[in-house]
Amino acid sequence: MKIKLAYGKKGLLADIPDHNIVKTFRMKDEKVLIDPYIEFTKSLLQPIGIGKNLFDMARSCKSACILVCDITRPVPNKLLLPPLLKTLHAAGLSHDDILLLIATGTHRSNTGKELEELVGAQIAKEYHIENHDIKNKEAHALIGETASGIPIWLDKRFLNAEMKIATGFIEPHMFAGYSGGRKLVVPGIAGLETLKYMHGPHILSQPGSREGNLVDNPFHNEATEMAKIAGLDFIINVSLNEKNEITGIFSGEPQQAFLQGTDFVANKVKSPVSEKVDVVVTTGGGYPLDTTWYQTIKGLSSVQSIVKDGGTIIIASECSEGFGGSDFDQLLLNNPDLDSFMEKIQKDDFFVTDQWQYQKFINVAKKVKIVLVSEKLWQIQPEIPHVTRAESVETAINNELKIRGASLKIAVIPKGPYILPVLE
């Protein structure tokens with residue numbers, strides 16, 4: 001059976017033996033919004049969980065900061081931002097009163113042509129757009145602590161705005177449960193001192209810190225509290241189908257709108273399977289998520305629950321930008337001993353940028369064999385510790401058939417981490 005996998009911008013066609021496939025996981029069908037501009041406008045005028053609409057909320061404000069996801073997320077900003085900006089202007093705010101702040105979290109800045117791709121050429125030209133910089137401590141302010149004692153360092157530009165808005169995209173996330181909502185604030189515009197706790201082993205090792213879960217999820221709970229203390233006023237989140245078309249808009253009070261959105265998304269992306277399989281064929285999610293190995297790890301984490309111990313995950317990811325930064329590059333190559341690294345990060349005096357992503361990789365690598373299909377990444381780095389190279393998905397499957405026998409069971413997840421397989 002030929003199945004198109006999400007891979008870069010064009011996709012990758014893989015031929016997988018029909019009789020070995022237990023299930024091909026897909027999102028449930030949902031109607032696409034016919035006129036997103038009208039629907040976005042309506043969502044601003046009839047928000048979830050707030051008595052006032054956005055126009056009335058902004059009328060008394062002299063400045064606004066809009067948090068925007070970075071280039072790694074397929075948020076339809078070109079459709080979302082125009083009605084939002086028009087509403088703010090109608091409420092009395094000028095172009096100079098509005099800042100679009102890219103919530104990069106720990107990722108690199110987005111500049112030049114990327115800004116045009118992110119928000120559209122006209123908005124990129126007419127509005128102030130700046131990047132969050134996690135390493136610039138002077139750009140952050142300490143506004144207090146959560147109930148558990150985690151310090152809250154956030155970008156001053158957001159804190160100084162009278163109207164605080166976050167946009168975003170709701171999808172399964174490997175330790176936040178779901179992206180979107182409060183996640184634009186933390187880690188989006190948080191300082192390194194805060195992320196040492198939020199991305200530290202104590203929170204990430206908790207069983208509740210996993211994909212598709214918000215119950216007893218310490219990351220979700222802490223981030224929600226931080227966003228509330230920071231004064232996040234309003235969110236505009238979307239859900240997307242496998243073609244990145246808009247299927248839902250969730251605007252309004254940050255917590256209520258986010259939870260309504262996650263309920264909607266969970267119903268579309270969670271897909272059951274009755275037993276664990278020998279092999280999972282999955283992806284890094286396609287462009288823009290699979291531009292780095294750093295982001296590709298989400299595709300590994302999201303499927304580990306349905307793979308037998310000692311099984312194999314075959315993951316196809318373009319990784320056009322390589323590992324995803326020099327810090328992560330060195331982290332992978334300089335710490336091949338997985339158990340030793342896990343011991344290191346448990347110590348209070350040890351912290352390395354991007355260690356959280358490597359921790360999630362280790363969780364998978366200690367359980368299963370990882371096979372990567374990625375022409376570009378293998379050109380950049382011929383060897384990666386604990387990752388097996390394959391020239392194609394077909395080659396990787398044939399190797400598994402030789403090792404495990406002709407009756408091996410395969411699950412296929414073409415859209416990678418955007419789908420959440422669940423073991424019944």
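Mentor: Start at T283. Its side chain reaches the backbone nitrogen of G285 at 3.0 Å. It also reaches the backbone oxygen of P414, at 3.1 Å. A polar contact is a pair of N or O atoms within 3.5 Å; within protein, one must be able to donate a hydrogen and the other to accept it, and residues adjacent in sequence count only if both atoms are side-chain atoms.

Trainee: What kind of model do these values come from?

Mentor: This is a predicted model: local features need pLDDT of at least 70, side-chain atom pairs count only at pLDDT 80 or more, and totals for chains, interfaces and linings use all residues. Residues are numbered from 1 along each chain as its sequence is written, and side-chain values use heavy atoms, with hydrogens and water left out.

Trainee: Is T283 buried or exposed?

Mentor: Buried means under 20% relative accessible area, exposed over 50%, partly exposed in between (1.4 Å probe, protein chains only). T283 has a relative accessible area of 0%, so it counts as buried.

Trainee: Which residues does T283 touch, leaving out those up to four places away in sequence?

Mentor: Contact means heavy atoms within 4.5 Å. T283 touches L5, A6, G299, I315, A316, I413, P414, K415, G416 and P417.

Trainee: Where does T283 sit in the secondary structure?

Mentor: Helices (H or I, at least four residues) and strands (E, at least two) are DSSP runs, numbered from the N terminus. T283 lies in strand 15, residues 277-283.

Trainee: How do I read the sheet around strand 15?

Mentor: Strands of a sheet pair through backbone hydrogen bonds, either parallel or antiparallel. Two strands pair if DSSP finds at least two bridges between them. Here six strands form an open sheet in the order 3-19-15-16-17-18, with parallel pairing. Strand 3 (21-24) and strand 18 (388-390) are the edges; each has a single partner strand, so one side of each lacks a neighbour in the sheet. The twist averages 20 degrees from one strand to the next. Strand 15 and strand 16 (residues 307-316) run parallel and are joined by six bridges.

Trainee: Which strands does helix 11 lie across?

Mentor: For angles, axes are lines fitted to C-alpha atoms, for helices over the stretch in contact, and angles run from 0 to 180 degrees between N-to-C directions. Helix 11 lies across strand 15, strand 16 and strand 17 (369-373), at about 135 degrees to strand 16.

Trainee: And how do I read the burial of a helix?

Mentor: Take helix 12 (residues 326-334). Its buried residues are F328, L331 and L332. Seen down the helix axis, they fall within an arc of 95 degrees, so they line one face of helix 12. The arc is that of the directions from the helix axis to the C-beta atoms. These residues pack against helix 11 (293-301), helix 13 (338-345) and helix 14 (355-365).

Trainee: What is the order of the strands in the open sheet with mixed pairing?

Mentor: The order is 6-5-4-9-12-13. Strand 6 (128-131) and strand 13 (246-252) stand at its edges. Strand 9 (residues 163-169) and strand 12 (residues 234-240) pair in the parallel sense over five bridges. Helix 10 (residues 254-269) packs on this sheet, touching strand 12 and strand 13.

Trainee: How many helices and strands does the protein chain have?

Mentor: The chain has 16 helices and 20 strands. Of its 424 residues, 58% count as buried.
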